[in-house]
Amino acid sequence: MTAGGYDGSVIDCDVHHAYGPATKLTPYIQAPWREFVSASTMSLNPAQKHYPHPFGTNKRIDLVDDGGPTPGWDYDLMASQLLDPFNIGRAILNYDVGHESAHNNHYLAAALASALNDWSLDTWLSRGDDRLYGSILVASTLPTYAANEIRRLGAHPRMVGVLMVADGLGLPFGHPIYHPIFEAASEFDLPISLHFGADLWSKQGQLAAGGNPLSRTEFYTLLPQPAMHHITSCISHGVFDKWPNVRLVLLETGYTWLPWLARTLDLQFSNLRRESPFVRNLPSETILTNVRIATQPYEPPEHSSHLIDLLSALDGIEDVIMFSSDYPHWDIDDADDVAKEFPPGWRAKIMYRNAEQTFRWPATGAAGSPSSRTI
Amino acid sequence: MARDWCGGITLLKNDMSGASVDVGSSDEFMDRIFRIVAIDGKEFGVLRWGEAVYVVRNICPHHFSPVCRGLVRESAQSEAPGTIVLQDSPIVICPNHRWEFRLPSGFAVRSRHSIKTYPARIQEGRVLVDFGARARQA
Amino acid sequence: MPANPEFIDCFVDHGWSDQEELVSYLPRGWRDYVGTVGPHGTGPRPIGNRNPFQHPQGDVLQGSTADHRPGSSLGVTDLSAFTRFTSASALVLSCGIGRNFPAMNLPQYTVAICRAINDWTIDRWLGGPDGRMFGSILVPNQVPAEAAAEIRRASRNSRMVQVVLGANGLSKPFGHPAYHPIYEAAVECGLPVAIHAGSDATADSLSSPTAVSAPLSYGEYAALSGQSIMTHIASLIGQGVFTKYPDLKVLVVGGGVGWIPSFLWRFELNYRAFGRDDPWVNKPPSEYFRTHIKVATFRMELEAPELLAATIGAFAGLDNILCFGSGFPAAESVSIESVLDSVPVEWRQRVSTLNAVELYGSRITANAPSGVGASVQRSDSGRPQASARSHPTELPE
C-alpha cells in the first residue's frame, strides 16, 4: 500500500514503543535506583492530571487481538501493522510516552529516562532494522542531568533527537533555567521534540489557560496551548538566538494553529523586542527556520479549501509540517489519508523531506537518502 | 469476555440479492459482540442484541477502518448536564478515532456520516440477512 | 468609507481618577475597612488588584485618562473629550481595572466592591444627559449566589446591558457548574455575559492566562491572550451551559479572531471521539459557537491582513459574530475606521452596529438617542433616560 497521491518512502516522526511490565525495564535502571525500584511497590508512573481514557486504553482497539501481543510492545506487530503496509522508511520511536521522566522524585525521573534510553537501544535500535530510530528521553526537571544524558548518548548514530514529555518545573521552555538542555542538544546538532505539550504530567504546569479543562473533550481541544506557549517562550527568550541550530519539534498537538501563532507573535514584535534582547527577527521567520510540527492528530475541516485558506497565512508552512502516525494509539493517522489532504506539491516534503532535514540522521547507513541538513 | 473478530465464514453463495441469506445458527453469535463474516470477499459484522440481530458492512465512512472491530455499547444520552441515561439500543464504536454509530439506522451520533446496515432477523434459530436492501432508517 | 460611521462600541473602559471616588459608594463599614489618609504614614488600602502584565509603552494611550496615580483605574474619566466617539450611538462601559477585583482573596469584600462599582456606574455615568452611556454589571463571581443577586439588583437599571465576569474567582473554566447561577440570573434578566482576556492574569487567580504558567513578558501575554478565552468557550460548550440556558449569549473580548477556525476544527474532532464523556453536548461545537457567542474586535489582528483573510476564508459566518469593541483607552485599542477598513464592505453594518443590537437587544435600542441601526425597530420609549443623579441608597434594594 502506498500513500494516496504519494508513492515515496515515509518518515514517521512519532511512534510509541513500550517495555510492557516494569520488570522489563528494571535491568536497565542504574544503581542505586534499580535496587530501590525492585524492592518497592511504587509505580514508575508519575501522577498525572486525571483525564482517563474512555474504555481504559489509549490503544487503537482493532490492533489488539485477545491473547496476542500488545501493539507497541512487539516488533513484529509494529512491522506488520505500520512499517510494512505504509512504506515507512524511517520511524522515530518515542516510548509510551516517556512519562516516567516526570516522576515527582526528580532524581528517580532522571534515572528512569536513562534506563528507557538504554532499553530502547538494546531491545529495538540494535536489532538491525535500519528503519528504526530513537529519541534521547530526558527529565527536564533537572536540566544539568538532562544535559548530561544528551552528552552521554548524543553521538549514538541511532538517536536522532532529544525528547521531553514534561516540564516538571512549571515554566515555559524558553526560561533560562532550561537552557543547559538546549546547549547540549546544540552540541550534537539534535532537535528537541516536545510530546503532547508536556504539561499533563506533574502538578506544576498548567494544562491550559483559565483553569484545568473540565472534560477529556475540553482537554484534548485545548491540548495545543502548552505547545503554543513553549514556542512563544523559546522565541522570546533567545533559545534560537543563542543556538541557531536547535530545532523545536512539536508532536501530537496538531498543526493548524501554527499560522495564527506566527502572525500573532509578529504583531507583538515591537513589544517582545522591548522586553527581550534576543528577539531580532520576526517570530514567523524564526518559526520557519527553527520550529517543526507533526501532523497528528490531523484535524481537517469539512471543506479542505478552508484548510488551505488558513495555512496560507504562513507562507512556507509546507516546509515545517512533518507526518506522524502516533501508532499504536486510538487516533492514529494513516499515511495514505494524511498525504492526500495536502496539495500535491507539498506531499513529498510533509511525508519525508522535512523530517529528513530536521532530525540528525547518521551520516552513513541511514535508510533512504543520506541526511542533508539545511540548518 | 472473549471477542471474536476472526470470523471467516465464507459462504458459497455469490448472489446476495433478493432472498434472505443464511449466515449461521443464532447460537454461533454471542450476545452484544460482533462476529465478522466474509461473504463474497466482503466483510460484514453480525451483532446479536438480545432477540434482535444487526448486520453492518465492516467499513467506517470516516477513514474506511474496520468499524466492527471496535466496541459495542448501550446508547448513552443526556438532556441535562451531569445526567447520563442509558438506553437498551446498540451503539457501534469504531476502533479508529472512536466514532459512534446508532443501530439499526447506521447514522453517526455526532456527524452526518453513516455505516451501511442490512435488515436481518432470527428465524427458527437461523440468522437471515437481506443484503438486497438497506435497513430501515430509524 | 462614510465619514463618522455610526457604531456601537461594546468595550470602553470607564474609570475613576482617585479611589476615593469609588470608595464613597461602599457601605460605611467597608469604607472604614479601606481606610483613609491618616498620620504616621497611614493611608487607605489599595481597593483592588491589578493585572501584572504592563504594556512596555504604557497601558493606556497618552492623554486618554485624567490621572495615572497609583489607585487610578486606567479607565477614561471623561468620554466627552474624545472625538472618536462622536458618531457612536452606544458605548458599553466595562469597568477598567475593576474587572480584576472579583478574584481577590477576601470573598465578602469582592461582593461589596462589585456592588460599589455598579452603583458608581449607575450614579456617575448612566444617569446623565449623554444617552450613549450603557453599563456592565460587574459580579463577585467567586460567590455565585451573591453574583446572581447582584445581577438581579443592578439590572433594574435599564441602562445596564451586560454582565461582566471579570477575573476568575474560582480558578475554574467559566463553564464549571459552580458558575451556573450567574448564567441563570443573566438569562432571567435578559442580559448577555462578557468574558474578557486577562480573566486569569492577576496573582489572585490560581488559574493562569496562558498554559504552562504565566508568561514572562507582556508581548507573550498579549500574543496568547486568546488562550483563556478558548478554555472558557470550550467549557461553556463542553459543560452544557448552552443546553441548560438556550437563551444565553456570551461576548468574548480581547483574544483576536485568528485562533477560531483551528480551535473549532479541533473541538469537533474531539466532540466526535468522546461522546461518552459529555453526552449533553447535543450539537456540534461550531453550531453552539455561531448561535451563542459574539467576539469583540479588541486585539483583532488588523495589522496581519494575511491572517485575517485566512481566518475569514476558513470560518464562514464571522460577519455575524464580530462586534466592534475598541478597548479604549488601552494601548492596543482599535478605531472603528481601522476595523471597518479591514473587513469586507458588506460586513460593515453588522460589525459596527447590528451584531451588537442582536447581542444586547432592547435595552440598547430602547435607550439610545438616535436610531441604532437603520433597520432596527425601536420601542415607543425611544428617548434616553435623563434621570437626575441619585444617591446610591435610593436605588431599589
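**Aromatic pairs, the A–C interface and salt bridges**

F324(C) is buried, at a relative accessible area of 1%. The model is a predicted one. Across all chains, the structure contains 40 aromatic pairs. One of them joins F7(C) and F324(C), with ring centres 5.3 Å apart. Their planes meet at 85°, so this pair is edge-to-face. F7(C) belongs to strand β1 of chain C. F324(C) sits in the loop between β8 (322–323) and α12 (336–342) of chain C. The pair therefore ties together parts that lie 317 residues apart in sequence. F7(C) is buried as well, with a relative accessible area of 2%; that value falls under the 20% cut-off for burial.

The side chains of H14(C) and T121(C) are joined by a polar contact of 3.0 Å. A polar atom of the H14(C) side chain also lies 3.1 Å from the backbone nitrogen of C95(C). Beyond four places in sequence, the residues touched by H14(C) include S73(C), G75(C) and V76(C). The run L93(C), S94(C), C95(C) and G96(C) is also in contact with H14(C). W120(C), T121(C) and W125(C) complete this set of contacts.

The interface between chains A and C was examined next. Contacts link 65 residues of chain A with 63 residues of chain C. Together the two chains bury about 5,000 Å², of which 65% is on carbon and sulfur atoms. L214(A), H229(A) and W260(A) supply 14% of the area that chain A buries against chain C, more than any other three residues. The count of salt bridges between chain A and chain C is 1. R263(A) and E306(C) form a salt bridge, with the closest N and O atoms 3.9 Å apart. Polar contacts join 19 residue pairs between chain A and chain C. On the side of chain A that touches chain C, five helices each supply at least two residues: α6 (216–221), α7 (224–236), α9 (258–267), α10 (269–275) and α12 (304–311). Helix α7(A) gives the most, with 9 residues. By class, this side of chain A has 29 nonpolar, 26 polar and 10 charged residues.

H229(A) is placed in helix α7 of chain A. Its relative accessibility is 0%, so H229(A) counts as buried. A polar atom of the H229(A) side chain lies 2.7 Å from the backbone oxygen of A211(C). Apart from neighbours within four places in sequence, H229(A) contacts P172(A) and a set of residues from chain C. Among the latter are T210(C), A211(C), V212(C), S213(C), A214(C) and P215(C). E220(C), L224(C) and Q227(C) are also in contact with H229(A). D122(A) is 107 residues from H229(A) along the chain, and the C-alpha atoms of the two are separated by 35 Å.

Over all chains, the structure has 29 salt bridges. In one of them, D319(A) pairs with K349(A), the closest N and O atoms being 2.7 Å apart. This pair links distant parts of the chain, 30 residues apart. D319(A) lies in the loop between α12 and β8 (321–322) of chain A, and K349(A) in helix α14 (residues 344–358). D319(A) is partly exposed at 32% relative accessibility. K349(A) is partly exposed at 21%.

D337(A) and K340(A) form a further salt bridge, with a closest N to O distance of 3.0 Å. The two are 3 residues apart in helix α13 (residues 335–341) of chain A, so about one helical turn separates them. D337(A) is buried at 10% relative accessible area, whereas K340(A) is partly exposed at 43%. In chain C, E358(C) and R350(C) meet in a salt bridge of 2.8 Å, N to O. Relative accessibility is 40% for E358(C), which counts as partly exposed. R350(C), at 22%, is also partly exposed. Finally, D84(A), D129(A) and R131(A) are linked in a salt-bridge network.

Terms used
Residues numbered from 1 in each chain as written. Chains lettered and ligands numbered in written order. Predicted model: local features only at pLDDT ≥ 70, side-chain atom pairs only at ≥ 80, totals over all residues. Heavy atoms only, no water. Polar contact = N/O pair within 3.5 Å; in protein donor to acceptor, adjacent residues only side chain to side chain. Contact = heavy atoms within 4.5 Å. Buried area = accessible area lost by both parts, 1.4 Å probe. Salt bridge = Lys/Arg side-chain N within 4 Å of Asp/Glu carboxyl O. Helix = DSSP H or I, 4+ residues; strand = E, 2+ residues; numbered from the N terminus. Nonpolar A, V, L, I, M, F, W, Y, C, P; charged D, E, K, R; others polar. Phe/Tyr/Trp six-rings, centres within 6.5 Å; stacked < 30°, edge-to-face > 60°. Buried < 20%, exposed > 50% of the residue type's maximum accessible area, 1.4 Å probe, protein only.
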